[in-house]
Amino acid sequence: MRTRPEHRSMRIRAVLLAAGIALAGLLAPLSGHAQYPSRPVRLVVPVSAGGGPDILARVIGERLSPLLGQPIVVENRAGANGNIAIDSVAKSAPDGHTLLVAMDSLIVINPHVYAKMPVDTLKGLLPVAPLVVQNGYLLSVHPSVPVKNFQEFIEYAKHASPPLAYASAGSGSQHQMAMEMLKLRAGINLVHVPYKGGAPAATATMAGEVSAMFSGASTATMILSGKLRGLAATGRSRSPLLPDLPTVGEFYPGYLLTTWLGLFAPAGVPDPAMARLRAEINKVLAMAEVKTRLNASGGLEPYVATPQEFTERIRADYEKYGALVRQIGVTVD
């Protein structure tokens, strides 16, 4: 029985249609890669405008925008020690258009101190790339505290009655971790007074509401002006902003606390979009102007690492701070 011409034509069209669908499926990932991003990209920042992560997001976003060919919109979502921002990004569409600029404490400390977290930070958030690293924190006291250097502070704190009070940027913050680590190593006792951010904590210390604090490099100007008395730094080496201050490690070998900030996306973002983001971000971090601006805004240094290296750093810090939190018993309801 012969096949009618119209039947042969229908079969040919069906075969061509099936081939077209299959080809479209094969090209979809490439097409998606070429189209990313297809609209403005949001950088969600877990602090108010003017804070370190906010400054970082704006410096990075300004140079990243022309490389991606889309506007970069910085959105401040402060509150709950960063958990509001975490929740916002983790629950957004996993298409690479909503990203989180996060301090390490949000990812590796919050899960250990909060009874309830909006998401598992190791599973619900995908590490895009590290952005910057900061060479630790600065220990300073109110000028009324009768000590001139780090050794005198330790001796004074050992015998102070009642114990000295210290400020932090909040329960579970790096500021608190730095002081609790020192308390354990030096055998001293200080009372923790948490504030809603590093800036309020610094203001309280300058006003004499508390005696001491660990803070970011942004307080270097306050130390240089005499509003605070600098005593030590927590990094591997002395702070280039205050080279006369010793590191805590010079007195207590092995004491080290450096911090990093990185870029995260909701889990599930396609690999082509992640690859594009990582490539363009590394270009931005390599720009001389960006390096200069970051260093001037608090001693921040570009932090370039492979995805595997960054993931390993996150997991190592997660375990380190988990052990410390369990040791000192920090919890937040």
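Is the crossing of helix 2 and helix 10 left-handed or right-handed? It's right-handed (near helix turned clockwise from the far one by less than a right angle).

Before clicking around: this is a predicted model, where local features need pLDDT of at least 70 and side-chain atom pairs pLDDT 80 or more, while totals for chains, interfaces and linings use all residues. Residues are numbered from 1 along each chain as its sequence is written, and side-chain values use heavy atoms, leaving out hydrogens and water.

**Stop 1: the helix pair.** Select 52–68 (helix 2) and 271–285 (helix 10); helices are DSSP runs of H or I, at least four residues, and strands are E runs of at least two, numbered from the N terminus. Their axes sit 9 Å apart at about 125° (lines fitted to C-alpha atoms over the stretch in contact, angles running from 0 to 180 degrees between N-to-C directions).

**Stop 2: the largest pocket.** Show Val-47, Pro-53, Ala-169, Gly-197 and Gly-198, the closest to its centre among 49 lining residues. A pocket is an open set of points on a 1 Å grid where a 1.4 Å probe fits, with protein on both sides within 12 Å along at least five of seven lines; lining residues have an atom within 4 Å of a point. The space is about 1200 Å³, counted as that filled by probe spheres set on the points. Helix 8 gives the most to the lining, five residues.

**Stop 3: the second largest pocket.** Its volume is about 160 Å³. Select helix 12 (307–328), which supplies the largest share of the lining, three residues. The lining includes Arg-236, Arg-313, Asp-317 and Lys-320.
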